[in-house]
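My notes follow in the order in which I checked them.

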Amino acid sequence: MTALLEVDRLSKAFGGVRAVQDVSFAVNPGELLALIGPNGAGKTTCFNMLMGQIRPDHGAILLKGRDIAGLPPHRIWRLGVGRTFQITATFSSMTVRENVQMALISHRNAGRRLWRPAAGTETAQADALLDRVGMAEQGDRACSVLAYGDLKRVELAIALANDPDLLLMDEPTAGMAPRERIELMRLADEIVAERKIGVLFTEHDMDVVFAHAHRIMVLNRGELIAEGTPEAVRANEQVREIYLGSSVEAGQA
């Protein structure tokens with residue numbers, strides 16, 4: 001299988017602190033790959049390099065064979081990479097539908113040639129995305145009045161507006177109630193299966209990680225210390241000692 005994303009020896013230091021050190025991995029079509037590790041392990045730095053917010057010191061980031069390392073975020077987004085954030089990023093004063101419309105307009109580069117109000121642009125496509133994430137009935141509501149779990153669904157619709165091949169999800173269930181977490185990750189599973197996209201996600205909830213990830217990578221102090229199936233990572237003594245600890249044993253009981 002040809003990988004969607006290939007990362008080779010990616011590294012970044014801030015002053016004398018090596019945040020990410022020679023990290024290499026691949027994400028395949030139709031795969032949910034989890035990136036986990038303790039606070040300060042380098043997960044966010046790695047994500048920010050993949051999406052262009054931070055330029056790597058060295059290393060390659062190949063998206064469908066093209067090196068995107070160092071490209072700005074808007075160019076990476078246009079090449080087919082979507083992202084959701086730990087803290088939801090929506091325009092609170094705009095409606096649910098308008099938020100998705102703006103993402104669609106940007107993707108299709110229609111902003112420069114609009115001759116009519118944006119409210120009448122990409123409406124059907126926006127409604128289709130909202131329907132897919134279970135938010136079709138709330139299209140006319142302002143994002144400011146939504147429950148947090150619903151905001152996460154809107155953000156997912158926005159992330160899908162550029163029809164991505166690769167989706168980066170930064171702690172997708174953070175701040176959500178247990179039932180909302182289950183529903184959101186089930187939705188992610190379905191979208192991956194339908195669209196055959198690759199998903200790389202970070203997550204602190206180990207129940208979510210071990211229930212949904214096809215493979216798991218573990219970072220510690222910027223280094224990749226383990227990679228494999230959930231079963232292999234669960235059994236890895238170094239991972240258990242550094243990060244998982246007794247929580248895994250409790251989950252197995």
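I began with Arg-221, which is exposed at a relative accessible area of 68%; by the cut-offs I use, exposed is over 50%, buried is under 20% and partly exposed is in between, with a 1.4 Å probe and protein chains only. Before going further I noted that this is a predicted model, in which local features need pLDDT of at least 70 and side-chain atom pairs count only at pLDDT 80 or more, whereas totals for chains, interfaces and linings use all residues. Residues are numbered from 1 along each chain as its sequence is written, and side-chain values use heavy atoms, with hydrogens and water left out.

**Two loop residues with positive phi**

I placed Arg-221 in the loop between strand E9 (215-220) and strand E10 (223-228), where helices (H or I, at least four residues) and strands (E, at least two) are DSSP runs numbered from the N terminus. Its phi is positive, about 50 degrees, although Arg-221 is not a glycine. I kept in mind that most residues other than glycine have a negative phi.

I then turned to Lys-196, which is not a glycine either and has a positive phi of about 55 degrees. Lys-196 sits in the loop between helix H6 (178-195) and E8, and it is exposed, with a relative accessible area of 55%.

**Two buried residues**

Is Asp-205 buried or exposed? I found it buried, at a relative accessible area of 16%, in the loop that runs between strand E8 (198-202) and helix H7 (206-212). Once neighbours within four places in sequence are left aside, Asp-205 is in contact (heavy atoms within 4.5 Å) with Thr-173 and Arg-181.

Val-100 belongs to helix H3 (residues 96-107) and is buried, with a relative accessible area of 0%. Which residues does Val-100 touch, leaving aside its neighbours within four places in sequence? I listed Ala-126, Leu-129, Leu-130, Ala-157 and Ile-158 as its contacts.

**Helix H9**

In H9, which spans residues 237-244, I found Val-239, Arg-240 and Leu-244 buried. They cover an arc of only 100 degrees around the axis, so they lie on the same side of H9; the arc is that of the directions from the helix axis to the C-beta atoms. On the face turned away from that buried side I noted the exposed residues Glu-237 and Glu-241.

**The whole protein**

I counted ten helices and ten strands in the protein. Its radius of gyration is 19 Å, close to the 18 Å from the globule rule for 253 residues, so the protein is as compact as a globular protein of that length; the radius is taken over C-alpha atoms, and the rule is 2.2 Å times the number of residues to the power 0.38. Along the principal axes, the C-alpha atoms fill a box of roughly 60 × 40 × 35 Å.

Buried residues account for 51% of the 253, and of the contacts between residues at least 6 apart in sequence, 67% join residues at least 24 apart. I recorded an accessible surface of about 11,900 Å², with 49% of it belonging to carbon and sulfur atoms, the areas coming from the Shrake-Rupley method with a 1.4 Å probe.
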